[in-house]
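This briefing is meant for someone opening the structure for the first time.

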Amino acid sequence: MTAGGATATITLSFRDLYRWYTTAAHWRGTAGIPHRLEEHVVMSVAVVAAALVISLPVGLTIGHTGRGAVIGVNLANIGRAIPSFAILVMGAEVLGIGAQPAFLALLALAIPPIVTNTSVAIREVDPDAREAARGMGMTGWQILRRVELPMAVPLVMAGIRTAGVQVVATATLAAVVAWGGLGRFIIDGIGQQDGGQLVGGALLVVVLSLAAEVGLGALQRVLTPAGLRQASALPGAAALAGTAGAGPDA
Amino acid sequence: MVQGSAYLADVGQQWLRWSYVTGSSHRILDALRQHVVLTAIAVLVGLLISLPLGLVAWRFRRLTTPILGLAGVLYTIPALALFALLVPITGLSRTTAEIGLVSYTLLILVRNLVAGLEAVPPEIREAARGMGMTPLRQLARIDLPLAIPAIVAGIRIATVTTIGLVTVTALIGQNSLGQLIYSGLTNFDRTPVTVGAVLSVALAVVADVTLLGLQRVATPWARSRRVQ
């Protein structure tokens, strides 16, 4: 698959697609659909969990103390300009191919949106609410836990949602560096000029991505304190400020 | 043979060999040019579609949610999967790449256009109507100019995002900086990966700064305010 190479034509009929999904062998073993799906989900969940463990304390500290905010936001902006594809390939160059470099590359992608959103969320807590809490005699720790954190939940969750959807999307690309996951079907479908596998795999990726988006969106709503719940006029208007926005990324 | 592969492995370990950069300058410049072309077409076509779509979404409240929702669904689909779905129809071609890239710009551009138009203060709109402006004239002279900062912010995000996404089109055989990165992976050579990644980031930064400059020129009245 190089530019200017032979122009391969990959055709597809609905019968090809039907046959790909109904072939029993495609549902068994380490190269089967269930195992590839499991790889994809386990990898994504592990990456987001690790990213949370790293990003939340950092984001909370930056937001609460106001220190390092400029550096943090600028780092995140530069991070957005680095193509995920390049990060994956560079990870593979340094660490070799397989699950471990894929994990670390995805982790590098998942951390910035969570750190940025968490620190911005904490910083943008209504100063009056913070003042009132201090007036009630709360300590810095209590203010963080009982006032700032609950009020920051929507934005923090938006960051987690961005990171999660991006990780699921980019894990698809990790098949290029010889990892598994559902992207395997797409890469192999192109390589073997197998339309059924190509589109069959792509549809699975689409379903998983939408499920991640919808699932994390629902989690965001559930975790938002009742007092803060209101219909936002525009989905993800925060993108105006350049803080949020999940993506196809790649 | 053994000597040859040992040499290859050694050469491939280096992150930047100037001999590659000077020896392949033609190829690198070509990849950069293709990258710019793919990005420019995607953002321009995206704008052409987003402007009417955004105006409709802004004017007809009932259509706002469906339009943004549909654009959101497209945006959520991973690039590689979207390309894969298109390959049986439009092949391993630039058309496939552009359809995918354009569809990713839509959410960002439409959302920012709508947000920008909605942010126009009602009293300004009222004053325009009081001056006897027709709705179309009001749109051209009041609403759209005031929405420029938000629109440009959208174009900037869309451009930077697209520059990153273009690298993925290497997997469907398109030439771009992504092709350098991909060739480095398949040839066990780090240098093209470094060159492709660095130029890609540089291109994103240059495009972002240029667009910001254009915005400053286009909105002289906002020069004192800092709008992002």
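The pLDDT is the predictor's confidence in each residue, on a scale from 0 to 100. The structure shown is a predicted model, and for chain B the pLDDT averages 90, with 92% of the residues scoring at least 70. The model as a whole scores ipTM 0.85 and pTM 0.86.

**Confidence along chain B**

- Within chain B, confidence is highest in helix H3 of chain B, which covers residues 25-59 and reaches 97, whereas the lowest value belongs to helix H1 of chain B, residues 2-13, with a mean of 54.
- Where pLDDT is low, the predicted coordinates should not be read in detail.

**Make-up of chain A**

- Chain A contains 9 helices and 0 strands, and its pattern, read along the sequence, is α-α-α-α-α-α-α-α-α.
- Chain A has 250 residues, of which 46% count as buried.
- Among the contacts in chain A with a separation of 6 or more, 76% are accounted for by residues 24 or more positions apart.

**How helices H1 and H9 of chain A meet**

- Helix H1 of chain A, residues 14-22, packs with H9(A) at an angle of about 70°, and the axes of the two helices are 8 Å apart.
- Because angles of 65 to 115 degrees count as roughly perpendicular, H1(A) and H9(A) are described as roughly perpendicular to each other.
- From H1(A), the residues that take part are Asp16(A), Leu17(A), Arg19(A), Trp20(A) and Tyr21(A), and they meet Gly195(A), Gly196(A), Gln197(A), Val199(A) and Gly200(A) in H9(A).
- By type, the residues of this contact of H1(A) with H9(A) divide into 4 nonpolar, 4 polar and 2 charged.

**The contact between chains A and B**

- Chain A brings 54 residues to the contact, and chain B brings 51 residues.
- On the side of chain A that touches chain B, at least two residues each come from helix H3 (69-81), helix H4 (84-95), helix H7 (140-173), helix H8 (183-191) and helix H9 (195-223) of chain A.
- H9(A) gives the most to that side of chain A, with 10 residues.
- The side of chain A that touches chain B is made up of 34 nonpolar, 16 polar and 4 charged residues.

Note on methods:
Residues numbered from 1 in each chain as written. Chains lettered and ligands numbered in written order. Predicted model: local features only at pLDDT ≥ 70, side-chain atom pairs only at ≥ 80, totals over all residues. Contact = placed C-beta atoms within 7 Å. Helix = DSSP H or I, 4+ residues; strand = E, 2+ residues; numbered from the N terminus. Nonpolar A, V, L, I, M, F, W, Y, C, P; charged D, E, K, R; others polar. Axes fitted to C-alpha atoms, helices over the stretch in contact; angles between N-to-C directions. Parallel < 35°, antiparallel > 145°, perpendicular 65-115°, else oblique. Buried ≥ 20, exposed ≤ 12 C-beta atoms within 10 Å, placed from the backbone.
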